[in-house]
Amino acid sequence: MSARETGAAEPVLALDPIACVGHGLCAELFPEGLVLDDWGFPIVLPEASDPALRAHAKRAAKACPALALRLRAARR
Ligand code: SF4
């Protein structure tokens with residue numbers, strides 16, 4: 001049962017810009033949800049929180065060596 005069906009908040013992909021070191025691994029792993037700015041730092045796209053792409057978002061968050069990406073409950 002999905003978060004939407006249970007009434008729970010859908011998780012969103014969140015970036016900690018202080019922890020991010022900008023080497024871009026996440027955008028390589030999850031190009032549907034992350035793009036890099038001119039300085040090589042990721043921008044989280046709205047698509048990053050698409051439930052259909054959740055596995056990709058999780059993989060990108062897990063692969064971040066700086067622990068700068070995580071899935072967290074959406075703020076209401
Ligand atoms: S993998 Fe982590 S540290 Fe590297 S650019 Fe992405 S969020 Fe930043």
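Let's start on the outside of a helix. The face of α3 turned away from its buried side carries the exposed residues A55 and R59. Helices (H or I, at least four residues) and strands (E, at least two) are DSSP runs, numbered from the N terminus.

A word on the source. This is a predicted model, where local features need pLDDT of at least 70, side-chain atom pairs count only at pLDDT 80 or more, and totals for chains, interfaces and linings use all residues. Residues are numbered from 1 along each chain as its sequence is written.

Now the overall layout. The protein has three helices and four strands. From the N terminus, the order is α-β-α-β-β-α-β. It has 76 residues, and 17% of them count as buried.

Back to α3. Which residues of α3 are buried? A57, A60 and A61. Seen down the helix axis, the buried residues of α3 fall within an arc of 100°, so they line one face of the helix. That arc is taken from the directions from the axis to the C-beta atoms. And what do they pack against? β1 (11–15), α2 (25–29), β2 (34–36) and β4 (69–73).

On to the core. The largest nonpolar core has 11 residues: L13, C26, F30, L34, V44, A48, A57, A60, A61, C64 and L69. Helix α3, residues 54–63, gives the largest share of this core, three residues. By nonpolar core I mean buried Ala, Val, Leu, Ile, Met, Phe, Trp, Tyr and Cys residues joined through C-beta atoms within 7 Å.

A48 sits in the loop between β3 (42–44) and α3. Why does A48 count as buried? Because 26 other C-beta atoms lie within 10 Å. Leaving aside neighbours within four places in sequence, A48 is in contact (C-beta atoms, placed from the backbone, within 7 Å) with L13, G33, L34 and A57. The C-alpha atoms of A48 and V12 are 7.3 Å apart, yet the two residues are 36 apart along the chain.

Definitions and conventions. Buried ≥ 20, exposed ≤ 12 C-beta atoms within 10 Å, placed from the backbone. Contact = placed C-beta atoms within 7 Å.
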